[in-house]
Amino acid sequence: MREFHRSSSLLFKVFLKVVLMWGKRRDMTVRDRLPFNAEPPAAALAGGELTALDAFYCRNHGPFPDITREQWRLTVDGIVQKPLTLTYDELTSQFTPHSVVATLACAGNRRAELLKVRPIPGKDPWAHGAISTAEWRGARLADVLGAAGVDVDEGLHVAFSAPDVAQEASPVQSYGSSIPLSKAMSQEVLLAWEMNSEPLPRVHGGPVRVVVPGYIGARSVKWVTGMTVQPAPSANYFQASDYRILPPDADPDTVPPGEGISLSMLALNCDILVPGEDVEIPAGPLTIRGYALAGDGRGIGRVDVSLDDGRTWRQADLEPAASPWAWRWWSLTVQARPGPISLTARAWDDTGVTQPESPASLWNPRGYGNNAWAHVEVVVA
Ligand SMILES: Nc1nc2c(c(=O)[nH]1)N[C@H]1C(S)=C(S)[C@@H](COP(=O)(O)O)O[C@H]1N2
Ligand SMILES: [Mo]
């Protein structure tokens, strides 16, 4: 009986854990339980080109809506000739499906290093893991906008809306954002219903989400139910106020909407994922591995690694890119001698631009867009 109690309460704990983790690995670092925010350990990302669904990071501003495929509708309106309402069956059967391998990166990824420069109250200290890559499959947004009779006009924007309500928004409102119509009409932007050949999980926006490769994750709206073609960017809190690089001396609690630089295209970035921080490493050959990600429409030119804080550099081996929208893996094997080593990496893009050196030079009040040189401190035994 006792045994039974013990094992059933153990089962219950496991069940609870799985429910709380939304099908995620047990070693995810949970930044918030409600809304659910979690990142995988760096080494879990280094496994391969695509991130396994149970390791893919989760970034939410409100509780997830529970929408079945039967209930789901997408309305397309605004400056269109033929406003539309699509069901899940119509979206998936009337439009040709396309697949795109794309990296989703949260603008707050690597905030932990900015926090060491100056505190950023109320924001999660994301380490290396608020970035992941999937093969997304769905209809091209351009095809759906085409069906609604959209005339391509440089000045217009497409605003997305979703039903999840964010208590952190001011005033409280449901999640939304927008992208320029010119980006919306490009081939890589999808209304996705599959992720790594699985139906899009609810935690990642199922039944249908927007995927905007090359832009910050915040623009890839999950559980999307509305699209409006309009003359200006979305007035939603997460477009007009939150995802912006404020000047270092601005007070994020009092700045008016529209202040600061609106984040859209990702900037050149890289990170060191293996070896992990503060792990003991045996002396001898040490393989350093990480990703580099070029900004929207650019490619990676080279990745350099330094073992002496940037005085001298060696070039890493670059693996081929799975797609222009995905991270590119790099590695370098060095001879590790006993003692502490400071590992540094920096990427260059194909326009000859490289990353800024220090997080201090990038610090901003909401802690977004850290693309400083990657740094990991390790101890060789
Ligand atoms: N509806 C909705 N869409 C959303 C969000 C959200 O909170 N609600 N978070 C955004 C942010 S900030 C990011 S980084 C990505 C994260 O997607 P993921 O949770 O599938 O990794 O979704 C974006 N889309
Ligand atoms: Mo994000």
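**Entry 1, the sheet.** First a reminder to myself that this is a predicted model. I started with the strand pairing and looked at β17, which covers residues 284-293. β17 runs antiparallel to β21, residues 328-336, and I noted nine bridges joining the two. To have one pair to click on, I picked I288, whose bridge partner in β21 is L332.

Then I widened the view. β17 and β21 belong to an open sheet of four strands, ordered β15-β17-β21-β20, with antiparallel pairing. Which strands stand at the edges? I found β15 (269-274) and β20 (317-318) there; each has a single partner strand, so one side of each is left without a neighbour in the sheet.

Next I listed what surrounds ligand 1 and got 20 residues, with Y57, D164, H204, R209 and K222 the closest. By class, I have eleven nonpolar, five polar and four charged residues in that shell.

D164 puts a polar side-chain atom 2.7 Å from a nitrogen atom of ligand 1. H204 has a polar side-chain atom 2.7 Å from an oxygen atom of the ligand. For R209, an N or O atom of the side chain is 2.7 Å from a ligand oxygen atom.

How much of the accessible area of ligand 1 does the protein cover? I get 100% of the 540 Å² that the ligand has on its own. I also looked up the cavities: the largest is the space taken by ligand 1.

Terms used
Residues numbered from 1 in each chain as written. Chains lettered and ligands numbered in written order. Predicted model: local features only at pLDDT ≥ 70, side-chain atom pairs only at ≥ 80, totals over all residues. Heavy atoms only, no water. Pairing = 2+ DSSP bridges. Near = heavy atom within 4 Å. Polar contact = N/O pair within 3.5 Å; in protein donor to acceptor, adjacent residues only side chain to side chain. Areas by Shrake-Rupley, 256 points an atom, 1.4 Å probe, with all protein chains shown as cover. 1 Å grid on protein atoms, 1.4 Å probe; cavity = no way out; pocket = protein on both sides within 12 Å on 5 of 7 lines; lining within 4 Å. Sits in = over half its atoms within 2 Å of the grid points. Nonpolar A, V, L, I, M, F, W, Y, C, P; charged D, E, K, R; others polar.
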